[in-house]
Amino acid sequence: MQPHLWIKCSTLIVFTTISQIACDLQGASGPQLLVPDLKSAPNGIRQVTTIPEDMEAPVVARKPDFSIEAQKPELLADDPSEKKAGSVPEPKPFPGIASKSSPEMKKPEPPKAPPVPEIVDPLDKLVDEAIEVSHRRMLSTNVHTPWQIAHGILALRWEYTLYQNNKRIRAIDWISTGPSFRGRPWFITTPHGGKGHPFTEPYAFEGHPNQFLAFYAMAGIPIDHQFKTGEKTISIADMISNAKAEVNTNEEITWTLWAFSRYLPWDTEWVSDRQEEWSMEKLVRAQMQSEPTKSACGGTHGLFATASAVNCYLKDQKQLRGTWLEASMRVRQYAEYARSMQNRDGSFSSKYFEGPEYASDVNKRVSTTGHTLEFIMEALPQNRLDEQWVRSAVYRIATDLIEYKSQPLEPGGMYHAIDSLVIYRERTRPDYAKYLEELAKHKDFEKPEPSDQIIGYSKRFLQQQNAAQYNHQPQYRQNNSSNEDTSRQARRRGLFSRYK
């Protein structure tokens, strides 16, 4: 072969090879998938074996006897008459094409459990156990008073049950039937709506104006929920309407502020039946004129209502100013007072904010510490709930409720103490608390037997008792009246400080 021909052939071969390589690179399919190395053991992966017993285990360490278990999802079995072996399944319709068969109406199922991690904090387990044993203190519809039962609704909300003719019924369902106590109805109608029956005797009906309304607000009863009273029916909205009409500076407004801060926006304004202009801010100012140390239960209820109103304001406004700033500073001040007088065992002073004192009597200790802790649970910001002094108080209340579960306790103080634990659980484990609340609402209890209606009593009561009831009962007045002498105020505090 001639040299120049050999050179031409070599050049052609080299050019062809380079062209082929370039085409291969140009036609590459893109980045390749990484193939896992099956020989090397994975890091950080733990084998979990699930046994049938684990599927039935509760999400908390100890489950209350009265708590409501989550129902398993219903499995819809295939109909053998419509599905045969070897048959071709019916194709699904295209999107937008309605199905021929009408959907079957099913009963709404309880909510599914949220992804709540296993409880590892011993204090949370103790709180759950304390709430559990408190469910066992059941009252009877034909024995206990509206004042006692309403306090139970405050603490245990939709899970609170009563005995009626040896049947366990939901308390909220029963009071909605319009029950009566000693010939007087739980609720009465008024020209402006309706309300809970006012005070007549110790531990009977409302110890303070709109006290029951505030309890129902804490239980989360909807504003359209209805209660029977005689031949009529009133709702929570009717009670709010009546409270707006009757509010005045001569009567205690603590529970009115408490209820309104849960049901109404912070900027609500209205005119009372006395043609006085009112607002949420005016209620807060009136409440701050009341001296806590001269109020029932050490002033903890008034401080709770003030803290609740401030929280209502902060949900919509990010900056505190004016009355709201002053109210917030007052709440923080008394929270620090309680902290400074806390006892070594975690309990708070049995003198509330008047000075340090330790109560060896469990009834007094549960009542004073429970009332104070209830206020603190509403007053403190979220980032302070894990402080040691708060945990010590929660531990003290939970331990007392468990250790003295077989001992009779005074209902008012005990239920406020339970409410403090319920609020603590709602704030530290909100998803789990919301889940328990929804389960309680879906729980099927025995239906309460309808109550005997008292017809015509409300109008007669309003005509004969209204003036005397509110103008002469001391606990219905504001406690900052200047025309009362010191001895009379002292007698009043001693007489009515029991009405929690």
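## Terms and basis

A residue is called buried when its relative accessible area is under 20%, exposed when the value is over 50%, and partly exposed in between, with a 1.4 Å probe and protein chains only. Helices (H or I, at least four residues) and strands (E, at least two) are DSSP runs, numbered from the N terminus.

The model is predicted, so local features need pLDDT of at least 70 and side-chain atom pairs count only at pLDDT 80 or more, whereas totals for chains, interfaces and linings use all residues. Residues are numbered from 1 along each chain as its sequence is written, and side-chain values use heavy atoms, with hydrogens and water left out.

## The chain as a whole

The chain has 17 helices and eleven strands, and buried residues make up 47% of its 500 residues. Where contact means heavy atoms within 4.5 Å, residues 24 or more positions apart account for 71% of the contacts with a separation of 6 or more.

## Helix H13 and Arg391

Twelve of the 16 residues of H13 are buried, so this helix is largely enclosed by the rest of the structure. Among the buried residues are Trp389, Val390, Ile397 and Leu401, together with the charged-type names Arg396 and Asp400. The buried residues of H13 pack against helix H3 (122–134), helix H11 (323–340), helix H12 (362–379) and helix H14 (411–428). The expected span of a helix is 1.5 Å times one less than its number of residues; for the 16 residues of H13 this gives 22 Å, and the end C-alpha atoms are 22 Å apart, which agrees.

Arg391 lies in H13, which covers residues 388–403, and is buried, with a relative accessible area of 18%. Leaving aside residues up to four places away in sequence, Arg391 touches Asp121, Leu123, Leu385, Asp386 and Tyr424.

## Strand pairing

Two strands are taken to pair if DSSP finds at least two bridges between them. Three strands form an open sheet in the order E1-E2-E3, with mixed pairing. Strand E1 (139–140) and strand E3 (167–170) stand at the edges with a single partner strand each, so one side of each is left without a neighbour in the sheet. E1 and strand E2 (residues 161–164) run parallel and are joined by two bridges, with Leu139 opposite Leu162 in E2. E2 and E3, by contrast, pair in the antiparallel sense over four bridges, and the bridge partner of Tyr163 in E3 is Arg168. The hairpin of E2 and E3 has two residues between the strands, and Asn165 takes a positive phi near 55° there.

Strand E8 (residues 226–229) and strand E9 (residues 232–235) also form a hairpin with two residues between them, in whose turn Gly230 has a positive phi of about 65°. E8 and E9 pair in the antiparallel sense over four bridges, and Phe227 stands opposite Ile234 in E9. Phe227 and Thr229 make up the covered face of E8, while Gln226 and Lys228 make up the uncovered one.

## Pockets and cavities

On a 1 Å grid over the protein atoms alone, a cavity is a set of points where a 1.4 Å probe fits but cannot get out, and a pocket is an open set with protein on both sides within 12 Å along at least five of seven lines; lining residues have an atom within 4 Å of a point. The second largest pocket has a volume of about 870 Å³. Its lining has 33 residues, of which Arg157, Met218, Arg262, Glu426 and Glu437 are the closest to its centre. The largest share of this lining, six residues, comes from H15. By class, the lining has 17 nonpolar, five polar and eleven charged residues, where Ala, Val, Leu, Ile, Met, Phe, Trp, Tyr, Cys and Pro count as nonpolar, Asp, Glu, Lys and Arg as charged, and the others, Gly among them, as polar.

The structure holds seven cavities of 30 Å³ or more, a volume being the space filled by probe spheres set on grid points that are joined across faces, edges and corners. The second largest cavity has a volume of about 100 Å³, and among its 13 lining residues Pro209, Asn210, Glu246, Glu251 and Thr256 lie nearest its centre.

Most residues other than glycine have a negative phi. Gln275, not a glycine, has a positive phi of about 60°; Gln275 sits in the loop between strand E10 (269–271) and strand E11 (277–279) and is exposed, with a relative accessible area of 64%. Tyr352 likewise has a positive phi, near 60°, but lies in the loop between H11 and H12 and is buried, with a relative accessible area of 13%.
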